[in-house]
Number of protein chains: 2
Amino acid sequence: MTGGGRREALARRLRLYVLTDEGLSRGRPTDQVVAEAIAGGATAIQLRGKDWGGRRLVEVGRRLRELTREAGVLFFVNDRLDVALAVGADGVHLGQDDLPLAEARRVAGPDFLIGISVEDEAQALAAEAGGADYLGVGAVFPTGSKADAGEPIGVVGLARIARRVRIPVVAIGGIHAGNAAEVVRAGAAGVAVISAVVAAPDVRAAARALLDAVEAAAG
Amino acid sequence: MTGGGRREALARRLRLYVLTDEGLSRGRPTDQVVAEAIAGGATAIQLRGKDWGGRRLVEVGRRLRELTREAGVLFFVNDRLDVALAVGADGVHLGQDDLPLAEARRVAGPDFLIGISVEDEAQALAAEAGGADYLGVGAVFPTGSKADAGEPIGVVGLARIARRVRIPVVAIGGIHAGNAAEVVRAGAAGVAVISAVVAAPDVRAAARALLDAVEAAAG
Ligand code: NI
């Protein structure tokens, strides 16, 4: 495949990207929530456990790797490249304070997927030039899920960034079924959500509604 | 070299193992403290930054890798195997809640050094059987440095563990120049210290006094 073909194939697998957060999951274990999210149509899963040690991340990560592999869903680990490699994840997702992209790429090799969180055009261009496979762009809307999120960039900020890069852009921050179409029309390949799925009483239905909204807008 | 020869060579490089802790370093930056510790005779350095992101760990880790390489001192990173690989450390040090040994070995390869924290014989035997290169055993004495340290095992507990394994044992927890000889006589190849060195007004002199005590006892 050409680079463009590979980017398009990846973009299709990033349409509904669900981040885990056991603290927001109404007491349900992460693997159960992920199984429901996949049943509802999630196309990518990211394991997050900011206060978890490596042992717990590996234990849960192994279960998520099984679930995602069986379903053909992409599996990423947040921040911890070592955990991602240990469980055979498809990739790692790195924030601006995490392992630098160049070092992560050198350790992980060329075929491992690396996503980078960006909140402005300068960060987006640097990540693309540095070999990121996709960008997590936001926060688009106000959100309570991520303590470190800055001022929302809005749909206009998202569109400005999406226009400047060729790698897929996943929009994050305050996205739900009611505004997902808007961010896709602004140029996002997909939407990343935490509480809109993992905190929903019916995880499967919440994922399904989001995927429907994204697919309708993506055409 | 035989396994035994390799173990002995490693043991000699673990005689004075200094763990960093910028919060205990009296306002001095970690690289300055490490340079002084090496000047005083530290034979191994471990970068610890429990609240640091991967980017900061890599930045400081690169500087420590330079300092240790120039001095022929071993360099380990605590917990984060990805950071250790990214900066070209000699090894990683893992606690019981960190990345499991088997996964770490698989990711890091056979030649990378892996140390494991243990506090009893069962953990020590499991780590040795799993391919650990050395053990950090403790806490030997009461200590204020590590919030997660359990009841001290004492010199008797240390000796009991050291007798059961063939890989080098580094004693940790409340060790200073006044009791270092005692732990070496109990079977430790070396001593691991945090505040006894990094919090000392004269880091170099503190390291020198510890190394002298270890070497006198080791013969
Ligand atoms: Ni192609």
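**Aromatic pairs and charges over rings**

Counting over all chains, this structure contains six aromatic pairs. Keep in mind that the model is predicted.

Start with chain A. F76(A) and Y134(A) pair edge-to-face, with 5.3 Å centre to centre and 65° between the planes.

Now chain B. Here Y17(B) and F76(B) form a stacked pair, 5.4 Å centre to centre and 15° between the planes. This pair also links distant parts of its chain: Y17(B) belongs to strand β1, residues 16-19, and F76(B) to strand β3, residues 74-78, 59 residues apart. Y17(B) has 1% relative accessibility and is therefore classed as buried. F76(B) is buried as well, at 0%.

Back to chain A for the cluster. Which residues do ring pairs link there? They are Y17(A), F76(A) and Y134(A). F76(A) is thus a member of this cluster and a partner in the edge-to-face pair I described for chain A.

Last, the arginines. In chain A, R56(A) places its charged end over the ring of W52(A), 3.9 Å from the ring centre. In chain B, R56(B) lies over the face of W52(B), and the distance to the ring centre is 3.9 Å.

Notes:
Residues numbered from 1 in each chain as written. Chains lettered and ligands numbered in written order. Predicted model: local features only at pLDDT ≥ 70, side-chain atom pairs only at ≥ 80, totals over all residues. Heavy atoms only, no water. Phe/Tyr/Trp six-rings, centres within 6.5 Å; stacked < 30°, edge-to-face > 60°. Helix = DSSP H or I, 4+ residues; strand = E, 2+ residues; numbered from the N terminus. Buried < 20%, exposed > 50% of the residue type's maximum accessible area, 1.4 Å probe, protein only. Lys NZ or Arg CZ within 6 Å of the ring centre and 35° of its normal.
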